Amino acid sequence: SGVLAHLGTVEHTIGRASLHDIMIEVPEVLQRHGYAIYENRPTGSTLYIETGWQERAPFDDEVEEGIEYARTRFIARGRKAGPATYTLTISAENQVRAPADSAPEIAVRPATGWSTMAPTSMYKAYVQEITTEIEMKVAAGVRTYGLSLDTP
């Protein structure tokens, strides 16, 4: 099941980022693209931000595969890399729905009707646009080292 879940995932390693970059800038960019933050879990050595599923119109190349509905969520993971920095990775998970029996290449059709499929080129471009924006914010951001986890 883990392999099947990974089938619809696109992952980008952003690089080094401060606590501020991850906890403030990443949610801001994701929210600007319509994603609500579902979970935000900072610990001593890791940071985890997950959005809720956001339904979207299928891309043209997904429609060509028989897809009628699509949804995406983003997960940001920061792993402590130094005293004040984390290595940031962004994953985008994609799920789709098609009419019954119309898309045999979809790996699994769970009871919810949502399935995973290999990311299409248009989906990859969509994810790249959002992760590039995050990468630019992180690279250009004012580094705020030593920010406490309680700071909004």
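Buried residues have under 20% relative accessible area, exposed residues over 50%, and partly exposed residues fall in between (1.4 Å probe, protein chains only). By that criterion 10 of the 14 residues of helix 2 are buried, so this helix is largely enclosed by the rest of the structure. The model is predicted: local features need pLDDT of at least 70, side-chain atom pairs count only at pLDDT 80 or more, and totals for chains, interfaces and linings use all residues. Residues are numbered from 1 along each chain as its sequence is written, and side-chain values use heavy atoms, with hydrogens and water left out.

**Overall organisation**

- The chain has four helices and six strands; helices (H or I, at least four residues) and strands (E, at least two) are DSSP runs, numbered from the N terminus.
- Read from the N terminus, the order of elements is α-β-α-β-β-β-α-β-β-α.
- Of the 152 residues of the chain, 45% count as buried.
- Among contacts (heavy atoms within 4.5 Å) in the chain with a separation of 6 or more, 64% are between residues 24 or more positions apart.

**Helix 2**

- Helix 2 covers residues 19-32, and its 14 residues reach 20 Å from the first C-alpha to the last.
- This span is close to the 20 Å expected at 1.5 Å a residue, where the expected value is 1.5 Å times one less than the number of residues.
- A kink of about 25° lies at Glu25, shortly before the proline Pro27; the bend at a residue is the angle between axes fitted to the seven residues ending there and the seven starting there.
- The buried residues of helix 2 are Leu19, His20, Asp21, Ile22, Met23, Glu25, Val26, Pro27, Val29 and Leu30.
- Gly34 follows helix 2 and has a positive phi, near 95°.

**Strands 2 and 3**

- Strand 2 (residues 37-42) and strand 3 (residues 46-51) pair in the antiparallel sense over five bridges; two strands count as paired if DSSP finds at least two bridges between them.
- Ile37 has Thr51 of strand 3 as its bridge partner.
- The two strands form a hairpin, with three residues between strand 2 and strand 3.

**Salt bridges**

- The structure holds eight salt bridges, each a side-chain nitrogen of Lys or Arg within 4 Å of a carboxyl oxygen of Asp or Glu.
- One of them joins Lys137 and Glu25, with the closest N and O atoms 3.9 Å apart.
- Lys137 lies in helix 4 (residues 121-140) and Glu25 in helix 2, so this pair ties together parts that are 112 residues apart in sequence.
- Lys137 is partly exposed at a relative accessible area of 30%, whereas Glu25, at 13%, counts as buried.
- Another salt bridge is formed by Glu133 and Arg32, whose closest N and O atoms are 2.7 Å apart.
- This pair also links distant parts of the chain, with Glu133 in helix 4 and Arg32 in helix 2, 101 residues apart.
- Both partners are partly exposed: Glu133 has a relative accessible area of 23% and Arg32 one of 46%.
- Arg56 forms a salt bridge with Glu62, the closest N and O atoms being 3.0 Å apart.
- Arg56 is buried at 15% relative accessibility, and Glu62 is buried at 0%.
- Through shared partners, salt bridges join Glu25, Glu28, Arg32, Glu133 and Lys137 into one network.

- A nonpolar core is a set of buried Ala, Val, Leu, Ile, Met, Phe, Trp, Tyr and Cys residues joined through side-chain atoms within 4.5 Å.
- The largest such core has 25 residues, of which Ile22, Phe74, Leu88, Ile90, Ile130 and Ile134 touch the most other members.
- Strand 1 (9-17), helix 2, strand 3, strand 5 (69-80), strand 6 (86-97) and helix 4 each supply at least two residues of this core.
- Ile134 touches Val26, Val29, Leu30, Leu88 and Ile90, not counting residues up to four places away in sequence.
- Thr131 lies in helix 4 and is buried, with a relative accessible area of 2%.
- Leaving out residues up to four places away in sequence, Thr131 touches His12, Ile14 and Ile90.
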